[in-house]
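Here is a quick tour of a protein model, written for someone who likes cut-offs spelled out. Have the viewer open as you read.

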Amino acid sequence: MLDFRLLKDVRCGVGESPVWDDRRKVLFFIDIKAPAIHSVRLDGSEHRSWAMPKVVGSVGLGESGRLVVALERSIAVFDPESEKLDILAELPGEPATNRLNDGKVGPDGAFWVGSMDDRPQKEPLGSLYRVDGRGQVTRVLDRFCLVSNGLAWSADGRALFHSDSRGPWIDRYDFEPSSGELGNRVRIATLDETTGRPDGGACDEEGFYWSCGVSAGRLNRITRDGKIVESHPVPVPAPTMPCFCGDDLRTLVITSLRPDNPDVLAGAPQSGSLFIAASPVAGARIGRWADA
């Protein structure tokens, strides 16, 4: 079992989108509805935060050193040094009840981000977008899920995993790294509350997919065909996304959320914080957005 310990007691409402910056040697992450972007070193020091003007769904690293940011229904660029935030593109056609959610930079140098129905009673209104370094937005999949989540690419860049946290399913696509084309969608798993509804995901160098079981307090390691081969308990009931960090990508960090339940919080008061563990396998390296 992985031995998770507290990295930073931040107690985010909805902690998400951890991204390891190998140049700055910091981990970026977000608190979706605060809304804010944060950064911290892997020893818990130098914690910084930046308030955002709208709900922030996810972030990615740019070649320029800036961050690409999913803000409600628009794409922005943020410079952590100057603290300048610029809106790059709006996403036309998104329902007013939707917001952007999980996003990650793919091996094609584009930022991939999905949307979700933000109402309690959700409808399949979530779409998937590809945003290139110039800010050109392409809707790749239209209104096909409830809560778009779990984006992660295999180490060779030829498989894309995607989940619907309320589906609750995980799909795998063939992916062409040079063009960003998707094909051959395969439903590899349908999970439940006990095994862990699939939230954020990450891939390791051996081709496995790691999924935070947000309903079960677990981190699941899954084969490309959907079999859970490892299921690790974590210190809080609602982990949201794993991230491989460090120079060798053998450190795992997970974000988490704070359930709206006083009894749950009494037993897990550090919900919403960051937790860290040594990983037995290196993660797949994440690309940078081609904005330079």
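## Ground rules

This is a predicted model, so to speak of a local feature we need pLDDT of at least 70, side-chain atom pairs count only at pLDDT 80 or more, and totals for chains, interfaces and linings use all residues. Residues are numbered from 1 along each chain as its sequence is written, and side-chain values use heavy atoms, with hydrogens and water left out.

Helices and strands are DSSP runs numbered from the N terminus (helices are H or I with at least four residues, strands are E with at least two). For accessibility, buried means under 20% relative accessible area, exposed means over 50%, and partly exposed is in between, using a 1.4 Å probe and protein chains only.

## Salt bridges

The structure holds 26 salt bridges, each being a side-chain nitrogen of Lys or Arg within 4 Å of a carboxyl oxygen of Asp or Glu. D22 is partly exposed at 33% relative accessibility, and R288 is buried at 13%. Both belong to a salt-bridge network that links D21, D22, R24, E81 and R288.

Two other pairs are worth a click. R134 and D132 meet at 3.0 Å, N to O; R134 is exposed with a relative accessible area of 66%, whereas D132 is buried at 10%. R139 bridges to D142, with the closest N and O atoms 3.1 Å apart. Here R139 is partly exposed at 31%, and D142 is partly exposed at 48%.

Where do the cis peptide bonds turn up? One joins A34 and P35, with omega at about -15 degrees, and P35 is in the loop between β3 and β4 (36–40). Another joins G167 and P168, with omega again about -15 degrees; P168 lies in the loop between β15 (159–164) and β16 (169–176).

E72 has a phi of about 50 degrees and is found in the loop between β7 (67–71) and β8 (74–79), where E72 is partly exposed at 24%. L249 has a phi of about 55 degrees and lies in the loop between β22 (239–245) and β23 (251–256). L249 is buried, with 7% relative accessibility.

How many disulfides does a search of the whole structure find? The count is 0, taking a disulfide as a pair of cysteine sulfur atoms within 2.5 Å. As a reminder, a disulfide is a covalent bond between the sulfur atoms of two cysteines.

Take C245: its sulfur is 3.7 Å from the closest cysteine sulfur, in C243, which is too far for a bond. C245 is buried at 0% relative accessible area. For C203, the closest cysteine sulfur is also in C243, but at 12 Å, too far for a bond. C203 is buried too, at 4%.

Strand β18 (residues 198–203) is mostly covered, with 6 of its 6 residues buried. β18 pairs with strand β19 (residues 209–213) in the antiparallel sense over 4 bridges, where pairing requires DSSP to find at least two bridges between the strands. The bridge partner of C203 in β19 is Y209. The hairpin has 5 residues between its strands, and in it G207 takes a positive phi near 95 degrees.

V113 lies in strand β11 (residues 111–117) and is buried, with a relative accessible area of 0%. What is V113 in contact with, leaving aside neighbours within four places in sequence? The list is S58, A70, I75, L100, N101, D102, G103, S127, L128, Y129 and L151, with contact meaning heavy atoms within 4.5 Å.
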